[in-house]
Amino acid sequence: MTLALITQFFLHETEVAVTTVVLTYLLAILIASALAGLGVSVFMSVVATLILDYYFFPPVGRFTISDPQDWASLFAFLVISVVGSGLSVRARRQAEEANRRRNEVQQLYEFSRRLLKARDPLELLHEIPRQIVELFKATAATLYMTDTQGVYRGGIETQQLDINRLRVAALRDGAEMDRRIGTYFAPVRLESWMIGSFGICGPLASDRTLEAIGNLIAIAIDRAQAIELLGKAEAVRENERLKSVLLDAITHDFKTPLTSIKASATSLLEDLEFDKNERKELLVVIDEECDRITRLIGETNEMARLEAGDVTLQFTSQAVGELISAALSDCEGVQSNRPIRIEVKNPDCRLYIDSTWARKVLVHIVRNADLYSPAGEPITIETEENRDFVAFRVTDRGPGIDASDINHIFDRFYRGKGQRHRIPGTGMGLSIAKAIVEAHGGTIGVTSQKGKGSVFTFSLPIDKGGNEGV
């Protein structure tokens, strides 16, 4: 059709050079080779040669040529058009191959990037077939693990990727490909370690892509398992460290009250001549130190329950003033040492909390302030409503917290470097308070100035639904 239009155009032109006609035909043939392929361009070259012979080379209207130079011109035209078409087709194929390889590289890069996002080996094994289906436009993909005999599938047509062929593929050195029905099986190995195999149903770009997919799967699985082993080892080390810290803290905290109890009890048993007041003082010491041991055991139990997730909060409605009064009733020893100032703007504001656990937060923070403040210095408790929460502030006039300690003050068993051997304690109280506050959806923090004291702030949710008496 194109050659016919060109011929009709030049036949209606009275003055046109044969060279112009030849170059026009040649341009049309080269364009056709780029768009339609070599077969069409060769056919057009032969037809164009015949047209030139019949319409433009003398004698016109006959398939004969009288001048030998015209023979040479037609032959040169035919050769140039065929060779040019071949080169054009070859260049187009090379461009297509380059684009295909570029797309393969992009697909493989995205595949490896997504595999690196998996957080644990089990998640990775489920993710691999899904990502193959999505990224490589497969209809189905299956992963087989040799050690666990596990099979992980993705896609909708997995019946062709049966387990027996996957087991055989895991034992092979190379890939098994059936391009006729579009199924591919390849082993997954990392050097001499046989991990398993995978199968793909659908179009695949090349066998090199299949090999690259297998290598990426092997590397991703090895990496995930290495991270899991490292995490387990780190968890064991951390567990041993915490056990050592806890044992050291509890041993120290038990030793002091037990020594006082032993000394007081021995004095009473020796039947020394004590008057009534002296006996009462020794009994008070025994009573207070027993309370201290009981409190220590209670904190240890609270910490264990919170870490194990064995705590179910029972939310009820309680007024701010009621919560503070209940907490201070558990801090009788603190109130005998120093004044506690209450500056509450709205004591009737109702909270939606587990009153038992929320009270422990205030108790732990007030007792912590008492331990680290000089005798007689006040502790101030303030509150302020802030949208859906009430912010509690407990201010003391203690020595303050070092800048190096402030980011770790709520860590389990952590105690300030300058105070850990001077002030008794296990470092569990603030950690327990943090866990309880976060379980209520609130936040907890501390600000401190060296030599001027600290301000602990935590928030608890306001009762917005009229849950009074729930």
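## Helices α9 and α11

In this predicted model, helix α9 (residues 320–329) packs with helix α11 (residues 355–372) at an angle of about 65°, and their axes lie 9 Å apart. Axes here are lines fitted to C-alpha atoms, for helices over the stretch in contact, and angles run from 0 to 180 degrees between N-to-C directions; helices (H or I, at least four residues) and strands (E, at least two) are DSSP runs, numbered from the N terminus. The crossing of α9 past α11 is right-handed, a crossing being right-handed if the near helix is turned clockwise from the far one by less than a right angle and left-handed if anticlockwise.

On the α9 side the contact (heavy atoms within 4.5 Å) is made by Leu323, Ile324, Ala326 and Ala327, which meet Ser355, Ala358, Arg359, Leu362 and Val363 of α11. Seven of the residues in this contact of α9 with α11 are nonpolar, one is polar and one is charged, where Ala, Val, Leu, Ile, Met, Phe, Trp, Tyr, Cys and Pro count as nonpolar, Asp, Glu, Lys and Arg as charged, and the others, Gly among them, as polar.

β7 and β9 (residues 379–386) run parallel and are joined by five bridges, with Arg341 opposite Thr380 in β9.

Strands β11 (residues 444–449) and β12 (residues 453–461) run antiparallel and are joined by six bridges, and Gln449 stands opposite Gly453 in β12. Their hairpin has three residues between the strands, and in it Gly451 takes a positive phi near 85°.

## Ile462, after β12

The segment after β12 contains Ile462, which is buried, with a relative accessible area of 12%; buried means under 20% relative accessible area, exposed over 50%, and partly exposed in between (1.4 Å probe, protein chains only). Leaving aside neighbours within four places in sequence, Ile462 is in contact with Cys349, Arg350, Leu351, Tyr352, Glu385, Arg387, Asp388, Phe389 and Val390. The C-alpha atoms of Ile462 and Ile353 are 8.3 Å apart in space, although the two residues are 109 residues apart in sequence.

## The antiparallel sheet

Another open sheet has five strands in the order β2-β1-β5-β4-β3, with antiparallel pairing. Its edge strands, β2 (151–155) and β3 (176–178), each pair on one side only, and the twist averages 15° from one strand to the next. Strand β1 (residues 140–145) runs antiparallel to β5 (residues 193–201), to which six bridges join it, and it also pairs in the antiparallel sense with β2 over five bridges. Thr142 illustrates both pairings: its bridge partner in β5 is Gly199, and in β2 it stands opposite Arg153. In the hairpin of β1 and β2, which has five residues between the strands, Gln149 takes a positive phi near 60°.

Six of the six residues of β1 are buried, so this strand is largely enclosed by the rest of the structure. In a regular strand the side chains alternate between the two faces of the sheet. Ala140, Thr142 and Tyr144 are buried on one side of β1, and Ala141, Leu143 and Met145 are buried on the other.

## Helix α6

The buried residues of helix α6 are Leu166, Ala169 and Ala170. They cover an arc of only 100° around the axis, which puts them on the same side of α6, the arc being that of the directions from the helix axis to the C-beta atoms. These buried residues pack against β1, β4 and β5.

## The chain as a whole

The secondary structure of the chain comes to 12 helices and 12 strands, and buried residues make up 39% of its 470 residues. Among contacts between residues at least 6 apart in sequence, 64% join residues at least 24 apart.

## Basis of the values

Residues are numbered from 1 along each chain as its sequence is written, and side-chain values use heavy atoms, with hydrogens and water left out. As this is a predicted model, local features need pLDDT of at least 70 and side-chain atom pairs count only at pLDDT 80 or more, whereas totals for chains, interfaces and linings use all residues.

Note on methods
Pairing = 2+ DSSP bridges.
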